[in-house]
Amino acid sequence: MHFSPLALVLSLTLASGTPALQGRADSDINPYSTHLMLQAEKSQKEGHLVEAEQLLESALAVDPRNKNAFIALGRVAAAQDLTGKAIRFYRSALTIDPTDTTALEAQGEAMVAKGAMNRAQQNLTKIKEICKTECPAYNALAAVIAKGPPATSQVKTADSHIANDNSATVASNTPKNTSSSDATSKAPNTSKNIIK
């Protein structure tokens, strides 16, 4: 059985308890972990997302307290359109430092992309409490919230409602004394033929 370095680090961290992760200053992070994280950021900028992810997992294997590596992993996941995964990585960073406005902002932006506007608004409120006055993280997240979720997530939502309406129509047109497999075979075929 093969485990990724990140999985091993996280399991050991959880086994020993997360309080050990809290309260570490960025300057106390293992320098090699920071070096790997910087290499990963360079790889990400060059478009090598898989390599960046591997470097960040290695950075966390060296020092699981590197909250910035979790934030960077969240950004890599977001670049891969893995929004839920990104939110979880930002949550890991916030477990280490609940007052990190960069992680709160990035997580809030990912929540907007998922359509979780109320949760994004909660992050905005936390940032405001931490900053006391307006700060770049607050302004950036407020702008994303004001813009709303991307059109593609709204289209997906509309498509899912249409699909549910179509299945309800098929179900209502199916005779009650047939099995579900009979209903499927008697349902009208609305799919388009694909030309090869």
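Leaving aside neighbours within four places in sequence, Arg119 is in contact with Arg91 and Met111, where contact means heavy atoms within 4.5 Å. Arg119 lies in helix α7 and is partly exposed, with a relative accessible area of 40%. For that scale, buried means under 20% relative accessible area, exposed over 50%, and partly exposed in between (1.4 Å probe, protein chains only). Arg119 and Gln107 are twelve residues apart in sequence, with their C-alpha atoms 9.4 Å apart in space.

A word on the ground rules. This is a predicted model, in which local features need pLDDT of at least 70 and side-chain atom pairs count only at pLDDT 80 or more, while totals for chains, interfaces and linings use all residues. Residues are numbered from 1 along each chain as its sequence is written, and side-chain values use heavy atoms, with hydrogens and water left out.

### The overall picture

The protein has ten helices and zero strands. Helices (H or I, at least four residues) and strands (E, at least two) are DSSP runs, numbered from the N terminus. Of the 196 residues in the protein, 32% are buried. Take the contacts between residues at least 6 apart in sequence: 56% of them join residues at least 24 apart.

Two packed helices are described by the angle between their axes and the distance between the axes. Axes here are lines fitted to C-alpha atoms, for helices over the stretch in contact, and angles run from 0 to 180 degrees between N-to-C directions.

| Pair | Angle | Axis distance |
|---|---|---|
| α7 and α8 | about 160° | 9 Å |
| α4 and α5 | roughly 170° | within 8 Å |
| α2 and α4 | about 15° | 10 Å |

On the direction labels, angles under 35 degrees count as roughly parallel, over 145 as roughly antiparallel, 65 to 115 as roughly perpendicular and the rest as oblique.

Start with α7 (residues 117-131) and α8 (residues 136-147), which pack at about 160°. That angle makes α7 roughly antiparallel to α8. On the α7 side, the contact is made by Met117, Ala120, Gln121, Asn123, Leu124, Ile127 and Lys128, and α8 answers with Ala137, Tyr138, Leu141, Ala142 and Ile145. By class, that contact has nine nonpolar, two polar and one charged residues. Here Ala, Val, Leu, Ile, Met, Phe, Trp, Tyr, Cys and Pro count as nonpolar, Asp, Glu, Lys and Arg as charged, and the others, Gly among them, as polar. α7 passes α8 in a left-handed crossing, meaning that the near helix is turned anticlockwise from the far one by less than a right angle (right-handed if clockwise).

Next come α4 and α5, whose axes cross at roughly 170°. These two helices are therefore roughly antiparallel to each other. Lys67, Phe70, Ile71, Leu73, Gly74, Arg75, Ala77 and Ala78 of α4 make the contact with Lys85, Ala86, Phe89, Tyr90, Ser92, Ala93 and Ile96 of α5. Sorted by class, there are ten nonpolar, two polar and three charged residues in the contact of α4 with α5. Several names come back in the list of buried residues of α5, which includes Ala86, Phe89, Tyr90, Ala93 and Ile96.

With the axes of α2 and α4 at about 15°, these helices are therefore roughly parallel to each other. Again the crossing is left-handed, with α2 passing α4. Met37, Glu41 and Gln44 in α2 meet Asn68, Ala69, Ala72, Arg75, Val76 and Ala79 in α4. The class count for this contact is five nonpolar, two polar and two charged residues.

Glu41, in helix α2 (residues 31-45), counts as partly exposed at 29% relative accessibility. Glu41 and Ala52 sit eleven residues apart in sequence and 6.6 Å apart in space, C-alpha to C-alpha. Ala52 is one of the buried residues of α3, along with Glu53, Leu55, Leu56, Glu57, Ala59 and Leu60. Helix α3 (residues 49-62) has 14 residues and reaches 20 Å from its first C-alpha to its last, close to the 20 Å expected at 1.5 Å a residue; the expected span is 1.5 Å times one less than the number of residues.

### Two positive phi values

Most residues other than glycine have a negative phi. Asp81, not a glycine, has a positive phi of about 60°. Asp81 is found in the loop between α4 (67-79) and α5 (83-96) and is exposed, with a relative accessible area of 67%. Lys132 has a positive phi too, near 70°. Lys132 lies in the loop between α7 and α8 and, at 69% relative accessibility, counts as exposed.
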